[in-house]
Amino acid sequence: MIKIANRPRRKLPESIPELFPIRTLSKLTGVNPVTLRAWERRHGLIKPRRTPKGHRLYSRADVELVERILALTARGVSVGQAQEVLARVPSPGERGGSEEPWSESRSRMLDAVTRFDEDALEQVYEHCLGLHPVDVVTQRLIVPLLVEFGRRWEAAQGSVAEEHFFGAYLRNKLGARFHHRARVARGPRVLAACWPGELHEVGLLLFALAANDAGFRVILLGANMPLEELPAAALSSGADAVVLSGTSKPSADTLNRGLPVLVRSLRIPVFCGGLAAARCHQQIVTAGASPLGESLAEGLARIAERLAQRR
């Protein structure tokens with residue numbers, strides 16, 4: 001029996017209207033318009049509404065439908081067979097996603113980390129990857145775990161050694177994925193780096209992988225990046241945007257002097273993501289940069305929208 005992974009229902013940006021054209025659906029899902037039209041004409045998978053002049057209009061439900069089709073094709077189901085499978089399996093909104101398996105997996109990974117048991121950690125992670133697309137595993141397993149470890153560390157419930165152990169494991173896993181990623185992206189170039197003094201680059205790696213999947217060309221600079229080095233790197237690489245990431249709050253000098261200087265030195269937008277951006281929202285805005293939400297999908301949508309406005 002073919003199963004469709006329990007993908008969490010993605011919250012689309014509020015700027016997305018109830019009905020939108022095919023170019024917006026393409027941007028939200030990463031599927032080009034030619035393919036979307038083929039799925040409609042040849043296979044009857046998508047049934048858009050039409051304007052009086054015959055232009056196609058899509059809804060938020062169509063975004064979920066396309067993502068379910070992508071999940072099926074990733075598991076080896078042909079597009080021709082997808083309609084039959086979709087007819088047999090209700091959508092996540094209809095069946096309701098269960099949080100219990102994810103909660104259990106997070107508990108098992110947390111237990112493995114507290115015992116410094118890499119084999120047990122690997123077993124849980126690989127098991128989840130075998131059942132679900134990698135972006136779902138990231139959002140339902142890895143991101144909540146990172147938040148939990150941050151909370152434990154701040155509440156003195158866990159050790160720095162545990163956090164470093166889990167961070168090193170994820171850097172190895174995510175770094176290998178980024179190194180071996182398919183280099184087919186043709187979208188805007190994004191220069192991605194951690195704040196000065198920020199040594200935790202797992203969040204940056206998660207962003208880089210999601211951005212690559214969304215079609216961005218990511219130039220990854222890693223942890224503890226001096227801001228004064230970024231203008232030259234952006235110019236040499238032909239970057240269209242700079243993204244700064246971090247979990248720890250940047251220093252007052254970085255926020256009040258370094259970031260405004262960086263923004264003034266560049267002719268491209270500067271975005272700030274991660275927990276640090278949520279904690280320093282107003283200072284980032286005052287400096288002329290753009291804070292991103294904690295959701296990777298929403299953050300990438302904001303970057304795409306801003307860059308599209310500049311074209």
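1. Helices (H or I, at least four residues) and strands (E, at least two) are DSSP runs, numbered from the N terminus. The model is predicted, so that local features need pLDDT of at least 70 and side-chain atom pairs count only at pLDDT 80 or more, while totals for chains, interfaces and linings use all residues. Residues are numbered from 1 along each chain as its sequence is written, and side-chain values use heavy atoms, with hydrogens and water left out.

2. The buried residues of α1 are I22, T24, L25, S26, L28 and T29. After α1 comes G30, with a positive phi near 80 degrees.

3. A nonpolar core is a set of buried Ala, Val, Leu, Ile, Met, Phe, Trp, Tyr and Cys residues joined through side-chain atoms within 4.5 Å. The largest one has 45 residues, of which M109, L141, F207 and F216 touch the most other members. Elements that each supply at least two of its residues include α6 (100–114), α8 (134–154), β4 (189–194) and α15 (296–310). The most comes from α10, with 9 residues. Another core, of 24 residues, lies apart from it and has M225, L259, I284 and A289 among its members.

4. E228 is placed in the loop between β5 (217–222) and α11 (230–237). E228 counts as exposed because its relative accessibility is 64%.

Notes
Buried < 20%, exposed > 50% of the residue type's maximum accessible area, 1.4 Å probe, protein only.
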